[in-house]
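Dear colleague,

Please find below the structure I am handing over to you. The findings follow directly after it.

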Amino acid sequence: MKAGLLPKLLISPSALLVLVCVYGYMMFTCYLSFTNSTMMPSNELVGMANYRRLAGLENWWVAVANLGVFAALYLGFSLLLGLGLALLIDQKIRCEGVLRSIFLYPMALSFIVTGTAWKWLLDPGVGLERSIHGLGWESFAFGWIKDSQMAIYCVVIAAVWQTAGFVMAMFLAGLRGVDTEQVNAARVDGARIWQIYLHIIVPQLGPVFVSSFVILAHMAIKSYDLVIALTNGGPGRSTWLPSVFMYQYTYTRNEMAVGAASSVLMLLALAVVVLPYLYSEMKKVKNG
């Protein structure tokens, strides 16, 4: 009895904190989205009015459109670059451990540090452009971070740099678990190395693709600190994402209920991405 009670007592404080501080505040945010809260929370219910107002706000649709561009490029390039690096390291090259550490290093940094570093690098006044000018190439120009049409791509570059190494590690683990009997049989049959990777090895990495996609998608939806550190949402609204919209309306424009409604929609988007994956994994464990 005591042996079974002790583990429950040890984890109960953490479980209680998670229940209150995570799920409790999630429910409170959902409640606020149905009220007329402004600077301070209110208990006056207004039904779906905040969601209707949200649907009519141009700023919200700008943020959603920016998220679409950012997420598509971020997921695509992170998956392709991570797979490419994993395939490169899988060739039993020299200094494999050193290269793995170099590629994984960005993931050890916070998004605030990454955003700040890339802000300095991409700033025309102090970064890459000025350095190239110092080398004598006066006509070189790279001012994407100051361009409202190109700034979102600066966020993509920084985000891909941050997480490509992590995706590489996941794919590399998958490559080391590939069935070698099929690979050896293909080699005996005279298949070329690119054919082996294309038709045998990469198709076996399906679960890794799915896991990487889910992790990257949830990071894209809730991205905030990288954007704030790199562009602060600008120029103008060119790098606003739903998370930036939520902060602006909740804490800057004192429209807490609208900000809460945007948070609920972000939560639903995360649920659409994560819950099917968790369900499939739990089903595998149960059947396995």
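Is Arg237 buried, partly exposed or exposed? Arg237 is partly exposed, because its relative accessible area is 32%; buried means under 20% relative accessible area, exposed over 50%, and partly exposed in between (1.4 Å probe, protein chains only).

This is a predicted model, in which local features need pLDDT of at least 70, side-chain atom pairs count only at pLDDT 80 or more, and totals for chains, interfaces and linings use all residues. Residues are numbered from 1 along each chain as its sequence is written, and side-chain values use heavy atoms, with hydrogens and water left out.

Salt bridges

The whole structure contains three salt bridges, each being a side-chain nitrogen of Lys or Arg within 4 Å of a carboxyl oxygen of Asp or Glu. Arg237 pairs with Glu58 at 3.3 Å, N to O. This pair links distant parts of the chain, with Arg237 in the loop between H11 and H12 and Glu58 in helix H3 (residues 58–89), 179 residues apart. Helices are DSSP runs (H or I, at least four residues), numbered from the N terminus. Glu58 is exposed, at 53% relative accessible area.

A salt bridge also joins the side chains of Arg53 and Glu255 at 2.7 Å, N to O. Arg53 belongs to helix H2 (residues 49–55) and Glu255 to the loop between H12 and H13, 202 residues apart. Arg53 is partly exposed at 38%, and Glu255 is partly exposed at 22%.

Asp90 and Arg176 meet at 3.1 Å, N to O. Asp90 lies in the loop between H3 and helix H4 (96–104) and Arg176 in the loop between helix H7 (151–175) and H8, so the pair ties together parts that are 86 residues apart in sequence. Asp90 counts as buried, at 13% relative accessibility.

Pockets

A pocket is, on a 1 Å grid over the protein atoms alone, an open set of points where a 1.4 Å probe fits, with protein on both sides within 12 Å along at least five of seven lines; lining residues have an atom within 4 Å of a point. The largest pocket holds about 830 Å³ of space, a volume being the space filled by probe spheres set on the points, which are joined across faces, edges and corners. Of its 25 lining residues, Val22, Met26, Ser263, Leu267 and Leu270 are the closest to the centre. H13 gives the most to this lining, with ten residues.

The second largest pocket has a volume of about 290 Å³. Asp90 is among the residues nearest the centre of this pocket, together with Leu175, Val183, Arg187 and Ile201. Helix H8 (180–188) and helix H9 (193–201) each supply at least two residues of its lining.

Backbone

Most residues other than glycine have a negative phi, and most peptide bonds are trans. The bond from Gly234 to Pro235 is cis, with omega near -5°, and Pro235 is in the loop between helix H11 (225–230) and helix H12 (242–252). Asn232, found in the loop between H11 and H12, has a positive phi near 55°. Asn254 also has a positive phi, of about 55°, and lies in the loop between H12 and helix H13 (256–287).

Yours sincerely
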